[in-house]
Every structure is written in structure tokens, then in C-alpha cells.
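Here's a quick briefing for anyone opening this structure for the first time. Have a look at the sequence and the model, then read on.

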Amino acid sequence: MTGAAPLLRVRDLSVTFPPRRGRPPVRAVDRVSFDIQPGQTVGLVGESGSGKTTTGRAILQLQPVTGGSVHLLGHQLTGMPRTELRKMRRHMQFVLQNPYSSLHPRMKVADILAEPLKVHGSVPPAQIPERVAELMTLVNMDPAVVKRYPHEFSGGQRQRIVIARALAVNPDFVVCDEPVSALDVRTQAQIVDLLHDLQAKLRLSYLFIAHDLAIVRAVAHRVAVMYGGRIVELGDADDVYDNPAHPYTRNLLEAVPVPDPARQRAKLADIAPDPQFRGRDGEQGPCVFGEDHAATGASEWHEVGPGHGVSCRFWPPGITPPGRP
């Protein structure tokens, strides 16, 4: 996958919300950059409020961007005229977090799945019922139930219908925003298995947004860790989980609850990140981690291994970083 041209290319993507009630503007997404290859899943993890969902919406052009670019299949989506963007939407779809609110309660399943087919003219009208049945079979549901309403299904079944709707127009790229967080553990595993199967069958690419680190490791090829609107670490999933290089990533992993109270690790609030970066061989370099962009330090991307990097600031000689003696 690494040798192929990226299906999705995001460069310096930024989203700033305007000031409200006398408060300053909020930069929700701050110069985010990453690629997704065909058939690849990139997991986007971080705390609530870190900018994960805003990033996904900005990539799909559902949220106005204030800087940067997004290319899908070689086409630049940022600044694309609305008529052309509407044509591109069949190549990119969204699976929302809550299957209880993402389906119209007064529409039957058949109509829900037929709607994107009609909007994009994907199949002739006479073939829509056949395509709807195919979609239900694709997500392992009985096509005979398409005359029912969403409230007649369980949460897992509704999420399967949401996924079927996203796949109706044969997209290449799907943003999954917390797609299993509203489900019980057993159903989560079933939906994750379904996403795996669909990816293998249809060669889909996913941006999988979640706060559950275990789920992300199970689905993602690469993981991007987000904090304060920025990607602070990016690498292959096993590399990031087994060898976290950024203090925030280490703290995030250490905050995961474990069944044994004796082994319960410290919470994020109890951990003060080491401001001085240390490489894998223990050397200490001039790479200082921080939450903000200080005027005296330029933000840099530091490679700690093949395809594995962290965000930090390199301070010029003679400058003392904030908080350092």
C-alpha cells in the first residue's frame, strides 16, 4: 500500500471557529497533514475536544476550512465549486456515531437506502429495489425487512443500515466517526468484523475516528494521535502502540483502564509530560513538546522511525523554552 499514490491527501488542514460572545477565535484543527492509501484504514484518536470529528467533517467539506488542502482521487476538494463537489460526494461517505439519530424515523429502510441512489443517479429507477436488496445482503441483513422503520431494529442492525446507506453509491473513502461507541461490546465486535470484510471485498479506505484505543488498534493500519487540534504522533498502528514516542501518546495509553486495580496506571491529569524529547536509543535532543505555538519556537515534524513521526518544537540556541529552568 505504501508504494501506491494516496487515495486521500490532506495538507496543513486548518479550521478556525469565529469569536463568540467576546471570546477569541478557536482553532479546532491546526495544520493537520496525513495520507490514506487505497484499501487502508487510518485511525484518528484523542480526547474529546481534540478536533477529531471536525477534521473528518472538514475533509468531507461538511465544515468550512480556513486553510490547507484536501485531495481525493487527485481532485482538490477545498475550494471546489458546489456542482463539482456534489459529483465527488459519491466517492466519499460518512458513517455517523449514533445509529438512533442518523436514520430518518419516518422513512422505511427501503426508502432510506434508495435515497442516495436517486440523488446520484447511480442506477436506473427500475433497478433500485434490486440494489437495495444487494446492500442489505452486503451488511448481512435480510432484504425482506426493508419495509420496516428504523425503530423496529436494534442498535447494531441500525448501524448496519447506516453502513449500507454509505455504501449505496460505491464510495472509495468512508469517514467512520465513532461508529461503534453507542453499541454494546459484542455488537461492536460484529460491526468491526463487518467493516473489515467490506474493506477486503470493496477495497475501501477508512478514516476511523474513535477514543477507544483498543478498537482503533483492531481496525487501523496507521494511527494518528490528535491533541489540541494537532496531530502529535503518526505511524503504523503496532509501532505507535508498542513504541509511543510522544509524551501525550504515552500518557493516553497509560490512562487506559485495566481490570487489575493493582496495575491501574496513572490518569492523564496526574502525568506531567517530559518536555525534552528522547529518541529510541536514549539520546536527548533539542525537540521540545508543547501545547501551543510559541513565537520563539518553530513547530517541526521529527521522524523517530520509518513512517513514524512526532510533532515538537525546535528551539534556537540561547532560547529557553517556557517552563524550563
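## The overall picture

Take the contacts in the chain between residues at least 6 apart in sequence: 63% of them join residues at least 24 apart. Keep in mind that this is a predicted model. The chain's secondary structure comes to 9 helices and 14 strands, and buried residues make up 48% of its 325 residues.

**How confident is the prediction?**

- The pLDDT averages 85 over the chain, and 82% of the residues score at least 70.
- Residues 290-297 are one stretch where pLDDT stays under 50, and the model has 17 contacts beyond four places in sequence for them.
- Residues 319-325 also stay under 50 in pLDDT, with 8 contacts beyond four places in sequence.

**A sheet of four strands**

- There's an open sheet of 4 strands, with antiparallel pairing and the order β2-β1-β4-β5.
- The edges belong to β2 (26-36) and β5 (75-76); each has a single partner strand, so one side of each is left without a neighbour in the sheet.
- Strand β1 (residues 8-17) is joined to β2 by 7 bridges, and the two run antiparallel.
- If you'd like to trace that pairing, Arg-9 stands opposite Asp-35 in β2, and Phe-17 stands opposite Val-26 in β2.
- β1 also pairs with β4, in the antiparallel sense, over 5 bridges; here Arg-11 has Ser-69 in β4 as its bridge partner.

**Helix α1, packed on the sheet**

- Which strands of the sheet does helix α1 touch? Helix α1 (residues 52-59) packs on the sheet and touches β1, β2 and β4 (67-72), and its direction makes about 115 degrees with that of β1.
- Of the 8 residues of α1, 6 are buried, so the helix is largely enclosed by the rest of the structure.
- Those buried in α1 are Lys-52, Thr-54, Thr-55, Gly-56, Ala-58 and Ile-59.
- Gln-61 follows α1 and has a positive phi, near 65 degrees.

- In soluble globular proteins, nonpolar side chains tend to be buried together.
- The largest nonpolar core here has 52 residues, and those with the most contacts inside it are Leu-113, Ile-163, Leu-198, Phe-208, Val-216, Val-223 and Val-225.
- A second, separate core has 31 residues, including Ala-58, Leu-72, Met-80 and Val-175.

- α3 is followed by Gly-121, whose phi is positive, near 60 degrees.
- Ser-122 sits in the loop between α3 and α4 (128-138).
- Is Ser-122 buried or partly exposed? Ser-122 is partly exposed, because its relative accessible area is 34%, and buried would mean under 20%.
- Leaving aside neighbours within four places in sequence, Ser-122 is in contact with Pro-116, Leu-117 and Val-169.
- Ser-122 and Ala-168 are 46 residues apart in sequence, and their C-alpha atoms are 8.4 Å apart in space.

- Ser-102 has a relative accessible area of 11%, so it counts as buried.
- A polar atom of the Ser-102 side chain lies 3.0 Å from the backbone oxygen of Asn-98.
- Not counting residues up to four places away in sequence, Ser-102 touches Leu-96, Val-162 and Arg-165.

- The buried residues of helix α9 (residues 247-254) are Pro-247, Tyr-248, Thr-249, Asn-251 and Leu-252.

Technical notes:
Residues numbered from 1 in each chain as written. Predicted model: local features only at pLDDT ≥ 70, side-chain atom pairs only at ≥ 80, totals over all residues. Heavy atoms only, no water. Pairing = 2+ DSSP bridges. Contact = heavy atoms within 4.5 Å. Axes fitted to C-alpha atoms, helices over the stretch in contact; angles between N-to-C directions. Buried < 20%, exposed > 50% of the residue type's maximum accessible area, 1.4 Å probe, protein only. Polar contact = N/O pair within 3.5 Å; in protein donor to acceptor, adjacent residues only side chain to side chain. pLDDT = per-residue confidence, 0-100. Core = buried A, V, L, I, M, F, W, Y, C linked by side-chain atoms within 4.5 Å.
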